[in-house]
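Me: I would like a close look at a single part of this structure. After that, please carry on to its surroundings and to the contacts elsewhere.

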Amino acid sequence: MVKSKGEINGHAMPHSASTDQILDRHRTSEQKSFGQKLRGFLRRNLMVILTVSGVLVGVGLGMMVRKMNLTRAQMTYFAFPGEMLLRMLKMIILPLVVCSLVSGAASLDTRSLGKLGGIAVGYFLGTTLIASCIGVSLAFIIKPGVGAGALNTNSLALESISNDKETADSFLDLARNLFPANLVAAAFRSYATDYKMVATGNDTNGTALYQKVPIGTDTDGMNILGLVLFAMVFGVALRKLGPEGEELIRFFNAFNEATMVLVSWIMWYVPLGIMFLVGSKIVEMEDVVLLVTSLGKYIFASILGHIIHGGVVLPLIYFAFTRKNPFTFLSGLITPFTTAFATCSSSATLPSMIKCVEENNGVDKRISRFILPIGATVNMDGAAIFQCVAAVFIAQLNNHELNAGQIFTILVTATASSVGAAGIPAGGIITIAIILEAIGLPTNDLSLMLAVDWIVDRTTTVVNVEGDALGAGILHHINQQEMKKKKQQEAELEEDKEEEAEELLEVRVEVVANRAEGESSPLVRHQAVRTPEGTPEAIESML
């Protein structure tokens, strides 16, 4: 559309000398030089450029320092700036998750909260199940464990991992952690089942009989599942209180906004921290060539699954719901994706994800602060893929033919156990043990997964946070559509009321106008009243 001479942003401007000056300045500002446009672009995308540069510089720095043959102590000192970034991000997780969920749940009405929560759960379960299917399918197509039976764990200098936890106890622990006995302790400890052998008597030969009895223990690590559930329910309870809960809701809203200011400050340290995180990981690598050649097909199958799910499946799901370009949405999230790649932690990426989703993609704060903390806890699409690939890989490694029942068990267990996977580096390795126990495979080959986890875990975390972000975008779109429908219904209701009022007015006017002179209802009484001018005036009143 051609803009007329006297228009700015579609608004007509009256012609005058001052108006002409304003229009001239406006046209000049539209015709900015290339240098000004470049400066504007760099200013808008400075954080993204710095973060990506941090990864690239970190790779180069790691390759240079690797040749120096540092001692273990020197490696620790070299990794210190990266360690500080992880500590800062983890420091902010607890207040961010609790306050954002309380304020998010309290700001949505119960009916809307229930509907959005149901859609979110369906989306999370659906995408995780699709991811599990992709993982199993790729493992059977690529067959990473076939021909690798001679792979010797000791030749790779790996430590053995023992896991004797029963599958039933793993899922019971998940339920127990949903309801922490101590909220303060849940900030740094979670529940885990351990076992002790209890003497139950002697057999006929006099040999002591022992029975393995599960006992409850506390392990280090935030019980984020319990905190998420409590924060959601507490937010709903504050909403139900009405005016009495407003003060506390305002407190959590203010706490949440203050936390986001802290996040914006921490974000400026991210590029430096990422540089040393990536560099230190390259320095710590031992014989990469041996690992990649031995486990190359497993790494390839896992990363290919992540590319298919993150590059094709999730964008298609987003497009199906919103009819918008998913890659335009994802282009605003390069910083959190880079953070996810460097830190390998969904929880540590949460602060930058919330910030970018709201500022770059315009997602409603009520939606993003409600759904993203939940997604960082329960939505682990990337983890489900590599867990399924790992389970089939170990089965092939042990020449174990999987039947249809075991394949179904892998799919269901991977989908369910990914909910309880910790959003920390190597958090998904423990949940592989649950899958192996469920299908009756040995867990002593888990050390192979741990050996290359630092490679696979990077794409795993990127896919995890991508699924959360697109879920927030879908919910935001659905919420916008619902609000539009509600406004349309309200507008239609107002129009109906106005039409009814006009019809009643027309009927009343017609009745008064059509009454013949001298005619009157027996229910109407005529009175003569004198006006201030002294002239009589007839007034009708109902008996």
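Which residues of α14 are buried?

Reply: The buried residues of α14 are Thr-335, Pro-336, Phe-337, Thr-338, Thr-339, Ala-340, Ala-342 and Thr-343. Buried means under 20% relative accessible area, exposed means over 50%, and partly exposed lies in between (1.4 Å probe, protein chains only). This is a predicted model, in which local features need pLDDT of at least 70 and side-chain atom pairs count only at pLDDT 80 or more, while totals for chains, interfaces and linings use all residues. Residues are numbered from 1 along each chain as its sequence is written, and side-chain values use heavy atoms, with hydrogens and water left out.

Helices here are DSSP runs (H or I, at least four residues), numbered from the N terminus; strands are E runs of at least two. Cys-344 follows α14. Its phi is positive, near 55°.

Next comes helix α15, residues 346–361. Here Glu-359 and Lys-355 meet through their side chains in a salt bridge, 3.2 Å from N to O. A salt bridge is a side-chain nitrogen of Lys or Arg within 4 Å of a carboxyl oxygen of Asp or Glu. The two residues are 4 apart in α15, which means a separation of about one helical turn. Glu-359 is exposed, because its relative accessible area is 56%. Lys-355 has 18%, so it counts as buried.

Then helix α16, residues 365–378. Ser-368 lies in it. At 0% relative accessibility, Ser-368 is buried. Its side chain makes a polar contact of 2.7 Å with the side chain of Glu-358. A polar contact is a pair of N or O atoms within 3.5 Å; within protein, one must be able to donate a hydrogen and the other to accept it, and residues adjacent in sequence count only if both atoms are side-chain atoms.

Glu-358 also belongs to a salt-bridge network, together with Glu-257, Lys-365 and Arg-369. One link is Glu-257 to Arg-369, with the closest N and O atoms 2.7 Å apart. That pair joins distant parts of the chain: Glu-257 sits in helix α10 (residues 246–267) and Arg-369 in helix α16, 112 residues apart. Glu-257 is partly exposed at 33% relative accessibility. Arg-369 is buried, at 5%.

The whole structure has 8 salt bridges. Another of them pairs Arg-176 with Asp-173, at 2.9 Å from N to O. They are 3 residues apart in helix α7 (residues 167–178), so about one helical turn separates them. Arg-176 is partly exposed at 35% relative accessibility. Asp-173 is buried at 3%.

Ala-131, in helix α6 (residues 110–142), is buried with a relative accessible area of 0%. Glu-437, in helix α19 (residues 427–438), is partly exposed at 28%. Glu-437 and Glu-166 are 271 residues apart in sequence, yet 7.1 Å apart in space, C-alpha to C-alpha.

Now the surface. Patches consist of residues with over 30% relative accessible area and no salt bridge, joined within 9 Å for like charges and within 5 Å for nonpolar side chains (Val, Leu, Ile, Met, Phe, Trp, Tyr). Areas come from the Shrake-Rupley method with a 1.4 Å probe, and for residues only the protein chains shown count as cover.

Phe-34, Leu-38, Phe-41, Leu-42 and Ile-49 make a nonpolar patch of about 470 Å². Helix α2 (residues 34–44) gives the largest share of this patch, 4 residues. Ile-49 is in helix α3 (residues 46–66). Ile-49 is partly exposed, at 33%.

A patch of negative charge gathers Glu-490, Glu-492, Glu-494, Glu-495, Asp-496, Glu-498, Glu-499, Glu-500, Glu-502 and Glu-503. Asp and Glu count as negative, Lys and Arg as positive; His and the chain ends are not counted. Each charge is placed at NZ of Lys, CZ of Arg, CG of Asp or CD of Glu. Glu-494, one of the patch residues, lies in helix α20 (residues 446–514). At 44% relative accessibility, Glu-494 is partly exposed.
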